[in-house]
Amino acid sequence: MRAGLIGTLLFFAAGGVAFAQSGGQMAVPASPSNQTYNIPAGSKDQSVMILTRDIKPGASAGPHIHHGVEMCEVISGTMEIYRAGQKPEVVRAGGSFVIPRETPHDAKTIGNDVAHLSITYVIDKGTAPRTPVAASLVP
């Protein structure tokens, strides 16, 4: 029993040394759809929310803003993203997009499949996850 415990400890210690010697890089490379967002120094306290959402074919999320940043990966299906003042962006399964702070936007599922999304919000602590806006962004 003691030998098993010592063996386990040595295994994890060796793994930690190997990880440190690799420069802290993971064995699995980062996906090309990874998004990075740096919270500016002096910002308000932030909350992080991670959730999934399914949007039916032809359905829209409704125009809204976030008091922070939205980072989203399309797990399945196809979405068309509408940001105020920009051309629509089509994002297919495996793709991702970022919505900057307080940018009016909307998203609509295109095609015949439900869009399954993995969403991360980094928003000002104490604010609602989304705030509806009157803008009509979907043509």
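**Exercise 1. The core**

Which residues have the most contacts inside the largest nonpolar core, and how many residues does that core have?

*Solution.* Start with the ground rules: this is a predicted model, in which local features need pLDDT of at least 70, side-chain atom pairs count only at pLDDT 80 or more, and totals for chains, interfaces and linings use all residues. Residues are numbered from 1 along each chain as its sequence is written, and side-chain values use heavy atoms, with hydrogens and water left out.

Step 1: settle the terms. A nonpolar core is a set of buried Ala, Val, Leu, Ile, Met, Phe, Trp, Tyr and Cys residues joined through side-chain atoms within 4.5 Å. Buried means under 20% relative accessible area, exposed means over 50%, and partly exposed lies in between (1.4 Å probe, protein chains only).

Step 2: read off the members. The largest nonpolar core has 14 residues, and those with the most contacts inside it are V74, M79, I81, F97 and L117.

Step 3: assign them to elements. Two or more residues come from each of β3, β4 (78–83), β6 and β8, with β8 giving the most, 5 residues. In general, nonpolar side chains of soluble globular proteins tend to be buried together.

**Exercise 2. The fold and its sheet**

Describe the chain's secondary structure, then work out the strand order of the open sheet.

*Solution.* Step 1: count the elements. The protein chain has 1 helix and 9 strands, where helices (H or I, at least four residues) and strands (E, at least two) are DSSP runs numbered from the N terminus. Along the sequence the pattern is α-β-β-β-β-β-β-β-β-β.

Step 1: order the sheet. Two strands pair if DSSP finds at least two bridges between them. On that basis, 4 strands form an open sheet in the order β1-β8-β3-β6, with antiparallel pairing. Its edge strands, β1 (46–55) and β6 (96–99), each pair on one side only.

Step 2: look at one pair. Strands β3 (residues 68–76) and β8 (residues 115–124) are joined in the antiparallel sense over 8 bridges. V69 stands opposite V122 in β8.

**Exercise 3. I110 in its surroundings**

Find the element that holds I110, and list its contacts beyond four places in sequence.

*Solution.* Step 1: I110 is found in strand β7 (residues 105–110). Its relative accessible area is 27%, so I110 is partly exposed.

Step 1: contact means heavy atoms within 4.5 Å. Leaving aside neighbours within four places in sequence, I110 is in contact with T78, M79, E80 and V90.

Step 2: check a C-alpha distance. I110 and P57 are 53 residues apart along the chain, with their C-alpha atoms separated by 6.0 Å.
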